[in-house]
Amino acid sequence: MAEMEETDFNDILDDWFIESLKTYKDLHVYQLEHPTQVIEWTSGRTVCVAGYSSSKNEILELHLPLKLFADENKGLCAERDFKVVHGGFAEGPVCCLRHVPGTRCVVTNDGLSSDLQVWTVGGDDSDVIRRTGSVKGRRSVSEGGSRIAAPLSSQLLHGARSSDVQLTQLTSGQILYTLETDSADPLSSLQFVSDTVFLAGCCNGNVYIADTRTSAAPQLSPGPAAWGGSVLWWTDASAGRVIRLSSSGQAVVSDLRDLGEAVSWAQLDVQSHRCNPDDVRVSWAPALDNCIAVSGFSGAVQIYKTSVWGTERQDVQPLFEHRGHAVSSQSDDDVFVTAHVWHPERPRTLLSAASDGSVHVWDWVDQSEL
Amino acid sequence: MPEIKVTPLGAGQDVGRSCILVSIGGKNIMLDCGMHMGYNDDRRFPDFSYITQNGRLTEFLDCVIISHFHLDHCGALPFMSEMVGYDGPIYMTHPTKAICPILLEDFRKITVDKKGETNFFTSQMIKDCMKKVVPLNLHQTVQVDDELEIKAYYAGHVLGAAMVQIKVGSESVVYTGDYNMTPDRHLGAAWIDKCRPDILISESTYATTIRDSKRCRERDFLKKVHESIERGGKVLIPVFALGRAQELCILLETFWERMNLKAPIYFSTGLTEKANHYYKLFITWTNQKIRKTFVQRNMFEFKHIKAFDRSYADNPGPMVVFATPGMLHAGQSLQIFKKWAGNEKNMVIMPGYCVQGTIGHKILNGQRKLEMEGRSTLDVKLQVEYMSFSAHADAKGIMQLIRMAEPRNMLLVHGEAVKMEFLKGKIEQEFSIDCHMPANGETATVTTNPSVPVDISLNLLKREMALGGPLPDPKKPRTMHGTLIMKENSLKLVSSEQALKELGLNEHQLRFTCRVQLQDPHSDPDTLNRIYTHLKSVLKGYTIQHLPDGTVMVESIVIKVSSSAEDTSTKVLLLSWSYQDEDLGSFLSTLLKKGLPSGLC
């Protein structure tokens with residue numbers, strides 16, 4: 001009897017679960033039918049996710065649980081589930097999904113060509129996400145898919161390589177701007193830092209900054225000197241700072257106005273041998289100062305505080321690590337995180353997705369502030 | 001065309017209650033008879049006028065089936081059977097039969113005594129209603145009558161919940177009721193075999209929800225309890241005797257052990273007696289773990305959980321108490337609540353739905369001042385937490401169930417069809433089956449393709465086999481000819497001779513004769529010869545004979561030649577054939593009317 005009780009005991013309360021009582025304010029764990037590589041906000045309370053298998057995939061718009069938003073009356077709200085509010089079918093994998101602000105449109109790319117598919121997410125009267133158009137990439141054939149950024153409604157910046165980035169008017173298909181660069185570096189990110197100024201982050205570490213209003217040559221900031229052979233780089237910019245992360249776990253923070261100089265360096269504690277280039281994500285917290293989230297190297301999402309980094313490259317430890325996906329995975333294969341996003345307003349709320357189809361919504365506790 | 005009709009009763013977009021009518025093979029079945037908990041007037045009852053404008057329902061219904069004891073599935077049953085009138089059988093599983101009357105009585109007491117309602121069923125009506133109940137065992141086929149049979153499957157969700165298969169001949173429908181596909185601490189997961197029903201009926205909300213894991217709900221529960229205890233508060237958990245109480249106790253016990261907590265946990269004795277009693281009765285309905293626990297020890301023998309005495313409620317310091325009844329409408333849980341409500345360090349955790357009129361319902365709606373007996377008011381300062389532990393399937397689960405049962409059609413109730421195009425498309429695409437979504441009060445008609453079993457006579461079978469050719473292949477049907485005889489209720493396929501014999505009829509032969517005029521200057525025998533040669537060259541593959549008696553036979557068709565009396569070169573051909581050779585006969589007469597080709601010798 002003692003033996004049976006012990007296994008029950010382990011089943012019910014494993015270490016992570018117990019620990020989570022103190023380390024998370026809120027925690028929600030969901031299982032989608034198919035894993036997603038994208039999580040994109042379509043409003044303050046809804047996100048889009050989509051499958052990435054080689055054949056037909058679903059695109060879903062999910063409404064976050066009401067309990068998460070019921071701040072004063074949280075106790076009285078028992079509603080903890082996602083609601084599938086809209087859905088559609090994509091013919092191929094969805095590797096990049098971007099919401100066009102101010103509209104009910106989302107744009108996707110299948111990671112195989114540089115063309116984009118345009119979708120309209122139905123209103124209250126329909127639950128269908130319908131394909132309503134497409135945008136041609138500049139070059140018809142390309143290895144790897146396009147990155148997409150959407151500044152104002154009905155304009156899209158997209159491209160697979162630095163040589164084929166263009167700004168397309170969504171409604172007319174008219175090309176409003178093209179980025180002229182000497183080399184055709186594959187891109188790992190594309191984002192706007194103001195209404196018209198954007199950053200094109202290349203996999204080799206180069207970063208181009210350009211303004212869509214001018215035809216002036218873009219500013220090129222070459223990648224940081226990397227050691228340890230060829231590495232891949234990912235970039236994110238926010239509030240005047242830029243972070244660059246390499247596949248070996250090096251991270252560099254720079255000021256947007258002076259990308260050539262490193263404000264701080266760090267060697268992050270990631271399992272660099274196991275990264276899948278499609279899955280690595282690095283992002284600044286929109287509502288917290290100097291915090292970044294890193295995922296894609298393993299089954300965890302790590303939060304680092306960059307303000308404690310110095311000018312000498314040293315090993316740093318994460319401020320917080322969300323190991324939920326790895327811990328609760330039912331599958332035998334190693335699970336790894338495929339996407340994460342911060343909530344745009346709630347400082348410590350994130351959503352993360354993993355290769356086993358799990359999606360977590362979590363609000364972590366900053367132990368250093370206790 | 002054979003068809004099955006399904007009508008969810010109710011109005012508009014109502015999702016508060018379940019009551020579905022099914023017409024199959026000439027039988028009418030009512031699935032569930034729930035009360036809508038959101039209404040206070042007659043709208044809470046299903047609208048039976050769809051079945052009949054006035055009068056009793058007995059002659060219109062062959063049976064009523066109740067899936068489980070939740071009030072939104074059985075709350076209107078005594079009203080239906082005793083106030084509207086129904087005397088036929090009511091089917092439900094054994095645990096549902098044991099628990100239903102208790103919940104119905106509680107519900108009746110609250111509605112009538114607390115809220116002073118009059119148009120409601122009485123205690124005696126509940127008793128009379130339950131007398132009509134025929135209990136079901138899992139996986140046991142029950143013959144309702146000669147043609148209608150039903151079978152219950154395990155649904156999980158709550159103790160005694162079942163999914164039901166209804167079968168008439170080779171047509172069947174499966175109704176899921178509420179179910180879940182992931183096992184939890186005290187119940188297993190729903191299971192059904194590949195029964196391939198014509199229709200699988202389920203709730204549309206399942207398909208549009210993605211459920212938060214059980215673990216996270218439990219985590220929230222433990223977190224809240226722990227936080228209250230840590231600040232010295234008392235936690236009251238009102239529970240119904242069955243289900244959640246046991247589970248939550250196991251959870252707390254394990255947590256207390258792990259965290260080495262000292263605060264006392266109590267449960268009221270009434271709770272343990274009832275719970276033990278029911279678990280003993282229905283041990284086969286719980287999951288493996290519970291069964292093991294029960295066999296080895298008393299269900300409520302815990303290290304950290306002790307029996308409650310009402311004097312303990314006044315003890316200082318933190319504690320947790322499980323007490324009945326679950327909606328705080330009377331008894332011990334209400335007494336404790338009154339004592340603890342005034343202190344904001346305390347907490348009450350409501351683990352389930354509370355009926356209108358109860359204190360539980362009021363505080364869950366945010367009411368902070370309650371009017372008690374004797375006009376006194378109670379200030380509710382303690383923390384109120386509403387937690388839902390009920391086990392329901394979700395989008396992933398419904399697809400799993402469809403995969404298990406392999407229905408020919410899917411039918412989802414309580415959804416707005418206009419808003420469910422994606423869902424419909426998803427099911428249609430993945431399983432290539434139609435998905436119907438009738439609105440409340442609307443009837444969905446599903447055409448079925450039932451197979452009709454027919455006996456075949458041995459002689460006919462032997463004859464067909466003697467014809468040779470490849471052996472019959474299930475994938476390639478082979479046409480055969482016979483006569484179908486319906487005698488009493490059986491169908492038989494026999495040869496036409498046997499049919500005639502059985503029916504005492506004589507076989508008639510039909511023979512056609514036709515005369516064709518032909519210009520031919522030869523003698524009669526020569527003309528016949530020429531005809532023979534001509535036909536032999538045109539009709540290759542047919543048996544053509546020139547007989548010594550002066551006729552030509554094509555298969556069984558006879559051709560004779562004779563000359564006209566006036567003119568020997570005008571020949572008259574006589575063609576004669578039987579009905580079976582009608583086609584060939586017509587062909588020959590048309591051919592010969594064209595005359596003989598000149599090249600013949």
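Me: Which residues are buried in helix α12 of chain B?
Reply: In α12, residues 395–405 of chain B, the buried ones are B:Ala395, B:Gly397, B:Ile398, B:Met399, B:Leu401, B:Ile402 and B:Ala405. Buried means under 20% relative accessible area, exposed is over 50%, and partly exposed is in between, with a 1.4 Å probe and protein chains only. Helices (H or I, at least four residues) and strands (E, at least two) are DSSP runs, numbered from the N terminus.

Me: Before we go on, what kind of model is this, and how is it numbered?
Reply: This is a predicted model: local features need pLDDT of at least 70, side-chain atom pairs count only at pLDDT 80 or more, while totals for chains, interfaces and linings use all residues. Residues are numbered from 1 along each chain as its sequence is written, chains are lettered from A and ligands numbered from 1 in the order in which they are written, and side-chain values use heavy atoms, with hydrogens and water left out.

Me: Ok, back to α12(B). What covers its buried residues?
Reply: The cover includes strands β9 (162–168), β11 (199–203), β12 (209–210) and β21 (409–413), plus helices α5 (204–207) and α13 (421–431), in chain B. Contact means heavy atoms within 4.5 Å.

Me: And what follows that helix?
Reply: B:Glu406 follows α12(B), and its phi is positive, near 55 degrees.

Me: You mentioned β9, β11 and β21. What's the strand order in their sheet?
Reply: The order is β7-β8-β9-β10-β11-β21-β22 in chain B, an open sheet of 7 strands with mixed pairing. Two strands pair if DSSP finds at least two bridges between them.

Me: What holds strands of a sheet together, in general?
Reply: They pair through backbone hydrogen bonds, either parallel or antiparallel.

Me: How many bridges join β7(B) to β8(B)?
Reply: There are 2, and the strands run antiparallel. One pairing puts B:Gln143 with B:Glu149 in β8(B). The two strands form a hairpin with 4 residues between them.

Me: How many residues of β8(B) are buried?
Reply: 6 of its 7 residues are buried, so strand β8 (148–154) of chain B is mostly covered.

Me: And on to β9(B): how many bridges join it to β8(B)?
Reply: 7 bridges, again antiparallel. B:Glu149 stands opposite B:Lys167 in β9(B). On to β10 (residues 171–175) of chain B, 5 bridges join it to β9(B), also antiparallel, and B:Lys167 has B:Ser172 as its bridge partner there.

Me: Changing topic: is B:Lys27 buried or exposed?
Reply: Buried, because its relative accessible area is 11%. B:Lys27 lies in strand β3 (residues 27–31) of chain B.

Me: What does B:Lys27 touch?
Reply: Leaving out residues up to four places away in sequence, B:Lys27 touches B:Val22, B:Asp62, B:Asp145, B:Glu147, B:Leu148 and B:Val168. B:Lys27 and B:Leu148 are 121 residues apart in sequence, yet their C-alpha atoms are 7.4 Å apart.

Me: What about B:Glu218, buried or exposed?
Reply: It counts as buried, because its relative accessibility is 2%. B:Glu218 is in helix α6 (residues 214–230) of chain B. Not counting residues up to four places away in sequence, B:Glu218 touches A:Phe17, B:Arg185, B:Glu247, B:Leu251 and B:Phe389.

Me: Zooming out, how many helices and strands are there in chain B?
Reply: Chain B has 17 helices and 31 strands. Its radius of gyration is 38 Å, well over the 25 Å that the globule rule gives for 601 residues, so chain B is more spread out than a compact globule. That radius is taken over C-alpha atoms, and the rule is 2.2 Å times the number of residues to the power 0.38. Along its principal axes, the C-alpha trace of chain B spans about 135 × 55 × 45 Å.

Me: And chain A, how many helices and strands there?
Reply: Chain A has 4 helices and 28 strands. Its radius of gyration is 21 Å, close to the 21 Å from the globule rule for 370 residues, so chain A is as compact as a globular protein of that length.

Me: How much of chain A counts as buried?
Reply: 58% of its 370 residues. For chain B, buried residues make up 53% of the 601.
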